[in-house]
Amino acid sequence: MSAPNRPISPLYLVLAFGYAFLYAPIVLLIFYSFNESRLVTVWAGFSTKWYGELLRNEQILNAAWLSLRIAFVTACVSTVLGTLAGFAIARYKRFPTRGAFLGLLSAPLVMPEVVLGLSLLLLFVALDSAIGWPSGRGATTVTIAHITFCLAFVTVIVQAKLASFDRSLEEAAMDLGAKPWKVFCVITLPLIAPALAAGWLLSFTLSLDDLVVASFTSGPGASTLPMVIYSSVRLGVSPQINALATIMISVVALFVLLSGWLIFRQDKARRG
Amino acid sequence: MKSRRKGSGPFIPWSALAPYLWLLLFFGAPLAIVLKISLAAPVMGQPPYTPLFEATKDGIEWLINWDNYLLLLDDPLYIAALLNSLKIAGISTLIALLIGYPMAYAIARAPESRRGILMMLVILPFWTSFLIRVYAWMSILSTTGLLNSFLLWLGVIDAPLEIIYTTFAIHLGIVYSYLPFMVLPLVATLSRMDMTLLEAAADLGAKPWQAFLRVTLPLSLPGILAGSLLVFIPATGEFVIPDLLGGPDALMIGKIMWTEFFSNRDWPVASALTVALLVLLVGPMIALQSARKRDANAETPQARGEAA
Amino acid sequence: MSAAAAQALSMGPFLRIENISKRYEGTDTPAVDDVSLDIARGEFFSLLGASGSGKTTLLRILAGFERPDSGHVFIDGRDVTDLPPYERPVNMMFQSYALFPHMSVADNVAFGLKQDGMAKPERTARVAELLDLVHLGNKAKRKPHQLSGGERQRVALARALAKHPKLLLLDEPLGALDRKLRESTQFELKALQARLGITFVMVTHDQDEAMTLSSRLAVMDQGRVQQVGPPNEVYETPATRHVAEFLGAANLLDATVTDWGNGMATLACDGFPGSFKATAPAALAPAARVAVAIRPEKIRLCEAGAAADNKLQGTVKDIAYIGDVSTYSILLDGQRSLRVQSTNAKRGSLMPTEGAALWLSWDAADAVVIAE
């Protein structure tokens, strides 16, 4: 009988199977992005021609640029708003309508995207006809929509960080003569910075990735990258999309490896 | 001063104001508008629905129109789509649990030094585009796709199988896309579990499978609940997966909403469908919230212990 | 009260706590209930009590983290009740040390000086001086997580002393250290306080710590101060049942006063024959209900015929042999028992065995009457 706290070999088999399931499609996608042939099933030799075509595809490039801009603004605004909300609920255990506030913050986390997208579109249409803003739909309305659900994710992350935050650090700083605002800047902010960074990155990714909400809230002439990918993919498998996917996955993988390495180094420094 | 108020007061804290207003305007108000439009009648024009009330000289005349809801009940298409969405989401959740639980168990039992990497490997696909991950399956499952070619090459089949555009493909897509949401809460619960409990069970004569059934499984129920709801709720309203992997006849509520809205331009019916979907999901959503709250409460003393 | 403290107080208290009350929202009983204390300059004063006794809340009120519902705090004659923590001439050493994890040891110590706008060269010199004081001169560049528990404790102390506070507050300063380290640190802390002459107010639940370190202590329970005085006075003449039981383990017997005169009471103890004599400085009316507290080490095991102020017969129920001392549980009347402690001063000296019948005696001067 194996001791319960030692990993048991069949479990590793399960893990191997699970990871294979998660990664096989992605690996195949990368592999076939270098395929000379249009067809997935035929390997016609190594080629980077689809990357070349992708880089000449104005529509995709424009959409990518638009998506990056939307994601950047979304990440910044939702990090600020989410941090404020995280502070309010982590630090104030009782205030009027706190329950309603919590509900508003947590519902977007689980709300089906179609519901969020549709309802926001209806709001924008109603606002437009009532006060003339936002006139038409486009990057602005998509950004507002993205901020709305990303803000909830940032709040969760910041609040969790603050929940485990040792308040006596702030008290110690105050005791040593720092005024509240100074305490926030010199003690609190540096210590919760990792949570803010995580929230920012998550918002950026969620915004960059979103198709459904953007499809509802965007207008003509403002197609985000997922919208362009979607309309191209609906028509079937496209090698250019394979190439695009490979680039996106590489960027993410690089980023994750980099941050993983940084965390590892930090850990090592901490132990050593 | 903040610290003197001891976390309670008669006012909404100033830091809550901006996010509060934002959410009221861009989350609360839209839902109210959906409710309102679901009670209107479709008309040609902009906006393509009738107002809810009209100010007449006698006061306000309400123009509430229940037709959209009656249509939902009347037309078997909508009921079938709602039920089918629940069924597909339910089955997919079960499959995700069956795959995710052993994975989470293995990760939770792995040496602590390796656990971080293993978790990272589960989260990593989540950071890559959802759309592209679904698209990857299109090229695998299509009739001229890799899986069929492979099976043909093996000689197992003579003609390509219809895998894509089936319910099976939808299940596969959902399980694949939402597996991380199942695994992560399970790992959290399982790795928090006190391992000496299993040793105590073994010491008291329980065989490993008995210890699993009587100790591990009941203790991981909060994780099972959270993970399952995290898969089930978004899967019910899923649009992309049934659209890309399911056939044109794939009846899922998210897709029907999309079609009603974009193709048929019937905003009131789309709104009524939205309300119906929300009503269906409100139970699971509340369950998820309370599961999270319980989990957070269970976590707090530990977090404090670590901080000290 | 010691002569020095009395003399210092006669010049007016350095720290005056005046009718302080504090109730947290959502609780029924006050955390601090009408507490008044005068503390002299240069004192090492301890607030001793179990958790929930209000001692930490009182300390936090002194630091300015909590605002009292009523009452005032004066430091050196100045009312500081409404001053925020960053404007008080007070510094605190936290129970968790609260060292800033993202700053080096030197930056931690320099933090308060920086807030005061002290110039860099001056600051560096002062930090070096403080780190030498706590023997950490060679660890200035380390981060807190690279230090041992004892080193962290010393950084916290250096940081709190950096600004020359008029008053240093210590919240369980030795609580996180292991036992061996705690004992040696106790003496260091006491020597340091004597050398610097700063007034220390310490919160602790550990009576040994409070007794060893303090010039005076206040025992707190349920938000109230039960007794204030030098450690020996509080120990020898507990004023309440709670003090008698919390500080050491006194035997308490319920009794009725039969006579009082000249600081001596004659009592009838419930359930025991004969009369007992005990010290009672304040006048007592006959028939008053009181309790008698007798410390276990003040009770002697003796012969049947020995002459003594108070005598009782019993049998040995339990013996705990600790090494230097033994503690006996002596069953008296079939139900109640007394704790008796005797020193094992001589090897092989006769020790009672379990079940043995014997006599107990104690002097009237060692028994203290606690009025109800």
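Which domains does the domain assignment of chain C give? The assignment gives domain 1 (3–242) and domain 2 (249–371). Please keep in mind that this is a predicted model.

**Chain C as a whole**
- Chain C has nine helices and 20 strands.
- Along the principal axes, the C-alpha atoms of chain C fill a box of roughly 80 × 50 × 40 Å.
- Of the 372 residues in chain C, 39% are buried.
- Counting contacts in chain C with a separation of 6 or more, 64% are between residues 24 or more positions apart.

**The two domains of chain C**
- Taken over C-alpha atoms, the centres of domain 1 and domain 2 of chain C are separated by 38 Å.
- Where they meet, five residues of domain 1 of chain C are in contact with six residues of domain 2 of chain C.
- The domain 1 side of this contact has two nonpolar, two polar and one charged residues.

**Strands S1, S4 and S5 of chain C**
- Strand S1 (residues 15–22) and strand S4 (residues 70–75) of chain C run antiparallel and are joined by five bridges.
- In this pairing, Leu15(C) stands opposite Ile75(C) of S4(C).
- S4(C) is also joined, by two bridges, to strand S5 (residues 78–79) of chain C, and these two strands run antiparallel.
- Ile75(C) has Arg78(C) as its bridge partner in S5(C).
- The hairpin of S4(C) and S5(C) has two residues between the strands, and Asp76(C) there takes a positive phi near 55 degrees.

**Helix H5 of chain C**
- Helix H5 (residues 149–161) of chain C has 13 residues, which at 1.5 Å a residue should span 18 Å; the end C-alpha atoms are 19 Å apart, which agrees.
- Because 10 of its 13 residues are buried, H5(C) is largely enclosed by the rest of the structure.
- The buried residues of H5(C) include Arg152(C), Arg154(C) and Arg159(C), along with Val155(C), Leu157(C) and Leu161(C).
- Among the elements of chain C that cover these buried residues are strand S6 (90–93), helix H3 (105–115) and helix H4 (120–133).
- Strand S7 (167–171) and helix H6 (179–196) of chain C are also included in that cover.

**Where chains A and B meet**
- Chain B gives 85 residues to the contact, and chain A gives 74 residues.
- On the side of chain B that touches chain A, the largest share, 17 residues, comes from helix H1 (residues 14–38) of chain B.
- That side of chain B has 61 nonpolar, 19 polar and five charged residues.

**Nonpolar cores**
- The largest nonpolar core has 162 residues, of which Leu118(A), Met182(B) and Leu273(B) touch the most other members.
- Helix H3 (residues 76–109) of chain B supplies the largest share of this core, 15 residues.
- Leaving aside residues up to four places away in sequence, Met182(B) touches Ala96(B), Leu97(B), Gly100(B), Gly227(B), Leu230(B) and Val231(B).
- Another core, of 105 residues, lies apart from the largest one, and among its members are Leu47(C), Leu130(C), Leu213(C) and Val368(C).

**A look at Arg98(A)**
- Arg98(A) is found in helix H4 (residues 98–110) of chain A.
- His146(A) is 48 residues from Arg98(A) along the chain, and the C-alpha atoms of the two are separated by 23 Å.

Conventions: Residues are numbered from 1 along each chain as its sequence is written. Chains are lettered from A and ligands numbered from 1 in the order in which they are written. This is a predicted model: local features need pLDDT of at least 70, side-chain atom pairs count only at pLDDT 80 or more; totals for chains, interfaces and linings use all residues. Two residues are in contact if their C-beta atoms, placed from the backbone, lie within 7 Å. Helices (H or I, at least four residues) and strands (E, at least two) are DSSP runs, numbered from the N terminus. Ala, Val, Leu, Ile, Met, Phe, Trp, Tyr, Cys and Pro count as nonpolar, Asp, Glu, Lys and Arg as charged, and the others, Gly among them, as polar. A residue is buried if 20 or more other C-beta atoms lie within 10 Å of its own, exposed if 12 or fewer, and partly exposed in between; C-beta atoms are placed from the backbone. Two strands pair if DSSP finds at least two bridges between them. The expected span of a helix is 1.5 Å times one less than its number of residues. Domain bounds come from an automatic or database domain assignment. A nonpolar core is a set of buried Ala, Val, Leu, Ile, Met, Phe, Trp, Tyr and Cys residues joined through C-beta atoms within 7 Å.
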